[in-house]
Amino acid sequence: MMPLSTQVAWLFLVAIPVACIAWTVTHEEVFKEPREYCIKQSTYRKTLLGRKFFYLFTCEYCFSHYVTVFILVLTGYKLLMDDWRGYLLAGFAIVWVANIYMSLFALIKVDIKKERLITKNEEEQANHKN
């Protein structure tokens, strides 16, 4: 078992790629077409299971669980306990931290976009005065 301080460091570090992957797949332009397909399928599929399956690829919180499982398999990271319970605790803790990271990123991104719009508006007003 790793010392607790190392486990906590791993928790906050491993959550970074989870957040990055989950955000990229569910929000960024590079996955726009597959995401739009999944949104359409999650709305119009006939079966509940089909709709929920496709929804998982459109929600960063939901998708982060699957990315976390992949990361846990890849790293073998466990939290507090050295058996299956350590994987379970690690999984939920990583998802929680990753979603805090994504929430902070979303706030920062909105703030940056707002600042860009304000700057663009000010530049346009200055150009009209000249």
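This is a predicted model: local features need pLDDT of at least 70, side-chain atom pairs count only at pLDDT 80 or more; totals for chains, interfaces and linings use all residues.

1. Let me start with the helix pair. Helix α2 covers residues 32-44 and helix α3 covers residues 48-55. Their axes lie 7 Å apart, and the two helices pack at an angle of about 155°. Angles over 145 degrees count as roughly antiparallel, and α2 and α3 are therefore roughly antiparallel to each other. The crossing of the two helices is left-handed.

2. Which residues make the contact between α2 and α3? From α2 come Tyr37, Cys38, Gln41, Ser42 and Thr43, and they meet Arg51, Phe54 and Tyr55 of α3. Sorted by class, this contact has 4 nonpolar, 3 polar and 1 charged residues.

3. Lysine 78 lies in the loop between α4 (60-75) and α5. Is this lysine buried or exposed? Its relative accessible area is 19%, and the cut-off for buried is under 20%, so lysine 78 counts as buried.

4. The surroundings of lysine 78 are worth a look too. Its side chain reaches the backbone oxygen of aspartate 82 at 3.3 Å. Leaving aside residues up to four places away in sequence, lysine 78 touches Met2, Gln7, Asp83, Gly86, Tyr87 and Ala90.

5. Asparagine 99 sits in helix α5. With a relative accessible area of 13%, asparagine 99 is buried. A polar atom of its side chain lies 2.7 Å from the backbone oxygen of valine 95. Asparagine 99 also touches Glu60, Tyr61 and Ser64, again not counting residues up to four places away in sequence.

6. Finally, glutamate 123, which is also placed in helix α5 (residues 84-129). Its relative accessibility is 49%, so glutamate 123 counts as partly exposed; the exposed class begins over 50%. How far is glutamate 123 from threonine 26 in sequence and in space? The two are 97 residues apart in sequence, and their C-alpha atoms are 33 Å apart in space.

7. To recap for your reading: α2 and α3 are roughly antiparallel, with a left-handed crossing. Lysine 78 is buried, asparagine 99 is buried, and glutamate 123 is partly exposed.

Methods
Residues are numbered from 1 along each chain as its sequence is written. Side-chain values use heavy atoms; hydrogens and water are left out. Axes are lines fitted to C-alpha atoms, for helices over the stretch in contact, and angles run from 0 to 180 degrees between N-to-C directions. Helices (H or I, at least four residues) and strands (E, at least two) are DSSP runs, numbered from the N terminus. Angles under 35 degrees count as roughly parallel, over 145 as roughly antiparallel, 65 to 115 as roughly perpendicular and the rest as oblique. A crossing is left-handed if the near helix is turned anticlockwise from the far one by less than a right angle, and right-handed if clockwise. Contact means heavy atoms within 4.5 Å. Ala, Val, Leu, Ile, Met, Phe, Trp, Tyr, Cys and Pro count as nonpolar, Asp, Glu, Lys and Arg as charged, and the others, Gly among them, as polar. Buried means under 20% relative accessible area, exposed over 50%, partly exposed in between (1.4 Å probe, protein chains only). A polar contact is a pair of N or O atoms within 3.5 Å; within protein, one must be able to donate a hydrogen and the other to accept it, and residues adjacent in sequence count only if both atoms are side-chain atoms.
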